[in-house]
Amino acid sequence: MTYHWPGNVRELERLIERAVALAESEVIELDDLPASVGGDHSAILGPSLNRDETLRAWGSRYARIMVDRCQGNKRKACRVLGISYHTLQAYLRYRSDYPGLEVRGNLQTSGATAEETAALG
């Protein structure tokens, strides 16, 4: 979604053909895509994929990153994420058993680096 596709449909078609031909499994993974398309997303998504995190755990991590990007302003984070305040609160209450989350005050945060946060948006 972040790639601008200057070659439009033809570029997409060639990229998919290449990925299918070179993929090591039946599923095209993020690593099977060229860096120009995948960008730094593999660095951000890679740890979550390697830990087989649930969608809920990843959503919670993403919500925390967005709250951090909004300097702790939860209402602004809700607008950016397009979710209700109640939904954001549910994501922030979610506790995960995976490393990489640190507790800061009463808000558990992702511990995301500045590069991870910048790459997300």
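# A tour around helix α6

Start by selecting helices α4 and α6, which are roughly perpendicular to each other (angles of 65 to 115 degrees count as such, under 35 as roughly parallel, over 145 as roughly antiparallel and the rest as oblique). Helices here are DSSP runs of H or I with at least four residues, strands are runs of E with at least two, and both are numbered from the N terminus. The angle between α4 and α6 is about 110 degrees, and their axes are 8 Å apart (axes are lines fitted to C-alpha atoms, for helices over the stretch in contact, and angles run from 0 to 180 degrees between N-to-C directions).

Before going on, please note that this is a predicted model, where local features need pLDDT of at least 70 and side-chain atom pairs count only at pLDDT 80 or more, while totals for chains, interfaces and linings use all residues. Residues are numbered from 1 along each chain as its sequence is written, and side-chain values use heavy atoms, with hydrogens and water left out.

**Next, show the side chains between α4 and α6.** On the α4 side you will find R56, G59, S60, A63, R64 and V67, which meet L88, A90, Y91, L92 and R93 of α6; contact means heavy atoms within 4.5 Å. Sorted by class, this contact has six nonpolar, two polar and three charged residues (Ala, Val, Leu, Ile, Met, Phe, Trp, Tyr, Cys and Pro count as nonpolar, Asp, Glu, Lys and Arg as charged, the others, Gly among them, as polar).

Helices α5 and α6 pack at about 105 degrees, with axes 9 Å apart, so α5 is roughly perpendicular to α6. Select K74, R75, A77, C78 and L81 in α5, then Y85, L88, Q89 and L92 in α6, to see the residues that make this contact. Six of them are nonpolar, one is polar and two are charged.

Click on L88 and look around: beyond its neighbours within four places in sequence, L88 touches A63, V67, K74, A77, C78, L81 and I83.

**Visit two loops.** Between α4 and α5 sits Q71, whose phi is near 50 degrees, a positive value in a residue other than glycine. Q71 counts as exposed because its relative accessibility is 67%. The loop between α1 (8-22) and α2 (35-38) holds P34, which is in contact with L15 and R18 once neighbours within four places in sequence are left aside.

**Finally, zoom out.** The whole protein has seven helices and two strands, following the pattern α-α-α-α-α-α-β-β-α along the sequence. Of its 121 residues, 30% are buried.

Key. Buried < 20%, exposed > 50% of the residue type's maximum accessible area, 1.4 Å probe, protein only.
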